[in-house]
Amino acid sequence: MPYPEPKYLKAADLRVSRRPKQLAVINQGGCTGCMVCIDFCPVDCIEIVPGPDPDNPTVHKLVQVDLPRCIGCTLCVKYCPWETIEMVAFEDAYVISPEWTFRGVIDELWEREPVQVEAERPKRRDRERAKVNQ
Ligand code: SF4
Ligand code: SF4
């Protein structure tokens with residue numbers, strides 16, 4: 001089964017026995033970045049990603065589904081106010097997802113290097129633990 005994103009290979013192969021029939025794919029062309037879907041996802045697999053302008057990635061941030069963690073519950077589709085999430089057959093989701101993702105499309109069109117996202121700030125809990133261990 002061809003997956004264009006190598007990072008998905010292992011996760012997809014592991015999900016043979018309990019594989020959801022469908023996965024949620026966000027069409028970022030219609031996403032306003034309202035983040036309503038994030039609140040409804042029971043497994044926290046919808047992630048905030050940089051906006052479409054590589055020079056201003058913090059402007060109009062978007063969201064995308066981390067497919068290997070999606071359980072196909074359809075809640076995000078139901079509650080997205082802009083109806084820009086679709087349930088897609090498991091195999092097709094891995095092919096369609098990059099096509100509906102702004103950054104992938106734009107970087108390809110402009111032949112630009114993808115913007116490096118800043119490393120996530122350590123969580124407060126981890127910072128406090130580090131202080132205790134000093
Ligand atoms: S609810 Fe819909 S419009 Fe809002 S962030 Fe999620 S996918 Fe985008
Ligand atoms: S289908 Fe369910 S698990 Fe998958 S992204 Fe949407 S809310 Fe999350």
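The following dialogue reads selected features of a predicted model.

Student: Which secondary-structure elements does the protein contain, and in what order do they run from the N terminus?

Tutor: The protein of this predicted model has six helices and four strands. Their order, starting at the N terminus, is α-β-α-β-β-α-β-α-α-α.

Student: What share of the 134 residues is buried, and what share of the contacts between residues at least 6 apart joins residues at least 24 apart?

Tutor: Buried residues account for 31% of the 134 residues. Of the contacts between residues at least 6 apart in sequence, 70% link residues at least 24 apart.

Student: How many bridges join β1 and β4, and is their pairing parallel or antiparallel?

Tutor: Strand β1 (residues 22–26) and strand β4 (residues 85–89) pair in the antiparallel sense, over five bridges. Within this pairing, Gln-22 has Ala-89 of β4 as its bridge partner. Strand β1 is also mostly covered, with four of its five residues buried.

Student: Which elements supply the largest nonpolar core?

Tutor: That core has 23 residues, and those with the most contacts inside it include Leu-23, Ala-24, Ile-26, Ile-46 and Ile-85. At least two residues each come from β1, β2 (46–49), β3 (62–65), β4 and α4 (90–99). The element that gives the most is β1, with four residues.

Student: Where does Glu-91 belong, and is Glu-91 buried or partly exposed?

Tutor: Glu-91 is also a residue of helix α4. Its relative accessibility is 36%, so Glu-91 counts as partly exposed. Glu-91 and Gln-22 are 69 residues apart along the chain, and their C-alpha atoms are separated by 8.4 Å.

Student: Which residues have a positive phi although they are not glycine?

Tutor: Most residues other than glycine have a negative phi. Here, Met-35 has a positive phi, near 70°, and Glu-83 has one near 50°. Met-35 is found in the loop between β1 and α2 (36–40), whereas Glu-83 is placed in the loop between α3 (75–79) and β4. Met-35 counts as partly exposed because its relative accessibility is 29%. Glu-83 is exposed, with a relative accessible area of 72%.

Student: Which residues are closest to ligand 1, and how many surround it?

Tutor: Ligand 1 is surrounded by 14 residues, of which the closest are Cys-31, Cys-34, Met-35, Cys-37 and Cys-80. Met-35, the loop residue between β1 and α2, is therefore both a residue with relative accessibility of 29% and one of the closest to this ligand. By class, the shell has 11 nonpolar, three polar and no charged residues.

Student: Which residues come nearest to ligand 2, and how does its shell divide by class?

Tutor: Around ligand 2 there are 13 residues, and Cys-41, Cys-70, Cys-73, Thr-74 and Cys-76 come nearest. The shell of ligand 2 divides into 11 nonpolar, two polar and no charged residues.

Notes. Residues are numbered from 1 along each chain as its sequence is written. Chains are lettered from A and ligands numbered from 1 in the order in which they are written. This is a predicted model: local features need pLDDT of at least 70, side-chain atom pairs count only at pLDDT 80 or more; totals for chains, interfaces and linings use all residues. Side-chain values use heavy atoms; hydrogens and water are left out. A residue is near a molecule or strand if one of its heavy atoms lies within 4 Å of it. Ala, Val, Leu, Ile, Met, Phe, Trp, Tyr, Cys and Pro count as nonpolar, Asp, Glu, Lys and Arg as charged, and the others, Gly among them, as polar. Buried means under 20% relative accessible area, exposed over 50%, partly exposed in between (1.4 Å probe, protein chains only). Two strands pair if DSSP finds at least two bridges between them. A nonpolar core is a set of buried Ala, Val, Leu, Ile, Met, Phe, Trp, Tyr and Cys residues joined through side-chain atoms within 4.5 Å. Contact means heavy atoms within 4.5 Å.
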